[in-house]
Amino acid sequence: MKKGGKTGRRLAAVLLAVLLALSALTGCSGGAGASSGSSAEKESEADSVSASETQADSEAQEAEDAAGDSTAQPVDVRIAALKGPTAMGMVKFMDDVDQQVVTDENYTFSIVASPDEVTPQIVQGSLDIAAVPANLASILYNNTDGAVQVLTVNTLGVLYIVENGDTVHSVSDLAGKTIYASGKGSTPEYALNYVLEQNGLVPGTDVTIEWKSEHSECVAAITADATGIAMLPQPFVTTAQAQNESLRVALDLTEEWEKVQGDDAGAGTMITGATIARTEFVQEHPEAVENFLKHYQESVEYVNANTEEAAKLVGAYDIVTEEVAKTALPECNIVYLAGDEMKEKLSGYLSVLNEQNPESIGGTLPGDDFYYTQETE
């Protein structure tokens with residue numbers, strides 16, 4: 001009886017479950033048709049959710065791709081500057097890289113004594129960006145079928161005639177003299193020749209020019225010559241005067257250049273240095289170029305506004321001593337000219353050189369593609 005009672009209770013429970021299930025099914029209004037409609041709505045909702053999820057996944061992927069682009073690996077940027085005003089203008093940039101303040105690209109710097117060290121490296125592709133004499137930028141462009149572009153003008157006129165004594169007060173006073181100079185084949189030579197010729201003097205005939213390979217050699221020569229005359233840029237003028245207090249600045253070649261230019265504003269500015277980049281590098285890494293220009297501009301502005309602090313950095317990078325830099329920096333005409341202003345100033349300067357001697361700029365004026373005129377943000 002107990003066993004049979006348990007079986008009966010189980011059977012009753014099962015029947016009750018079945019009756020409840022049937023009641024739930026038949027209790028839905030609309031019967032089977034309503035049930036079918038509800039199922040369709042659920043399928044439609046599921047499809048909608050699936051489409052939304054697909055779109056969300058797609059948008060998430062696009063965002064991830066964009067984020068990936070913005071966090072691309074830093075580019076190696078190899079930079080060279082001449083030991084003088086161009087390197088002095090970069091010292092804050094160099095220090096920020098060494099102190100890991102600037103880390104957006106992998107910047108490496110080299111400071112060289114002569115443009116001859118830069119030219120082959122640019123041509124061979126072992127340098128990406130370099131500060132060079134302004135006319136050399138044009139020569140490289142013409143000799144490499146446009147393989148370089150000029151990014152900025154970095155230095156205006158910094159050339160001076162200095163002498164041991166007090167005999168030179170005008171360009172005409174240089175007649176019969178010997179001038180120690182460096183920079184043959186670049187801006188210093190053509191600027192000096194132009195000023196001499198415009199004042200009726202023939203270089204090599206009326207004035208002897210003894211060419212040295214580096215500015216430091218000119219400093220040594222004039223220091224050793226009791227009646228010596230030299231053409232020197234800053235900061236080497238200050239370096240020479242620190243070694244020999246009797247040296248005096250006789251002529252400012254920038255002023256002499258402007259005198260013979262007169263009212264021609266387009267060509268009235270002597271330009272000493274320009275910053276160039278390999279065209280291939282500019283095309284392949286436009287963001288890296290813009291990053292470089294941003295940091296370079298900030299460095300130039302810092303150097304011009306903070307003489308004492310900048311002089312410490314100049315000394316630390318062994319460009320010239322800190323004491324020399326303190327005196328020389330305000331006279332170095334370090335600038336940052338980019339875009340249309342750079343193009344206007346530099347093209348005017350190159351036009352003057354072209355009229356004097358086309359070979360001084362590589363045979364012909366460079367085309368518009370020579371000038372990188374995309375302004376930084």
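Residues are numbered from 1 along each chain as its sequence is written.

The protein chain has an average pLDDT (the predictor's confidence in each residue, from 0 to 100) of 83. A score of at least 70 is reached by 79% of the residues. Over residues 1–42, pLDDT stays under 50. The model has one contact (heavy atoms within 4.5 Å) beyond four places in sequence for residues 1–42. Residues 63–70 also stay under 50, with zero contacts beyond four places in sequence. Where pLDDT is low, the predicted coordinates should not be read in detail.

Six strands form an open sheet in the order 2-1-3-10-4-11. Helices (H or I, at least four residues) and strands (E, at least two) are DSSP runs, numbered from the N terminus. Pairing, which requires at least two DSSP bridges between two strands, is mixed. Strand 2 (106–112) and strand 11 (334–337) are the edge strands, each pairing on one side only. From one strand to the next, the twist averages 25°. Strand 3 and strand 10 run antiparallel and are joined by five bridges. Ala130 has Ile276 in strand 10 as its bridge partner.

Helix 12 (residues 286–305) packs on the sheet. Its contacts include strand 1 (76–82) and strand 4 (148–156). The direction of helix 12 makes about 145° with that of strand 11. Axes are lines fitted to C-alpha atoms, for helices over the stretch in contact, and angles run from 0 to 180 degrees between N-to-C directions. The axes of helix 4 (residues 91–98) and helix 12 cross at roughly 120° and come within 7 Å. In helix 4, Val91, Lys92 and Phe93 meet residues of helix 12, among them Phe292, His295 and Tyr302.

The largest pocket has a volume of about 490 Å³. A pocket is an open set of points on a 1 Å grid over the protein atoms alone, where a 1.4 Å probe fits, with protein on both sides within 12 Å along at least five of seven lines; lining residues have an atom within 4 Å of a point. Volume is the space filled by probe spheres set on the points, which are joined across faces, edges and corners. Of the 32 lining residues, Leu82, Pro115, Pro133, Ser186 and His215 are the closest to the centre. Helix 3 (85–89), strand 3 (129–133), helix 7 (187–198) and strand 10 (271–278) each give two or more residues to the lining.

Terms used: Predicted model: local features only at pLDDT ≥ 70, side-chain atom pairs only at ≥ 80, totals over all residues. Heavy atoms only, no water.
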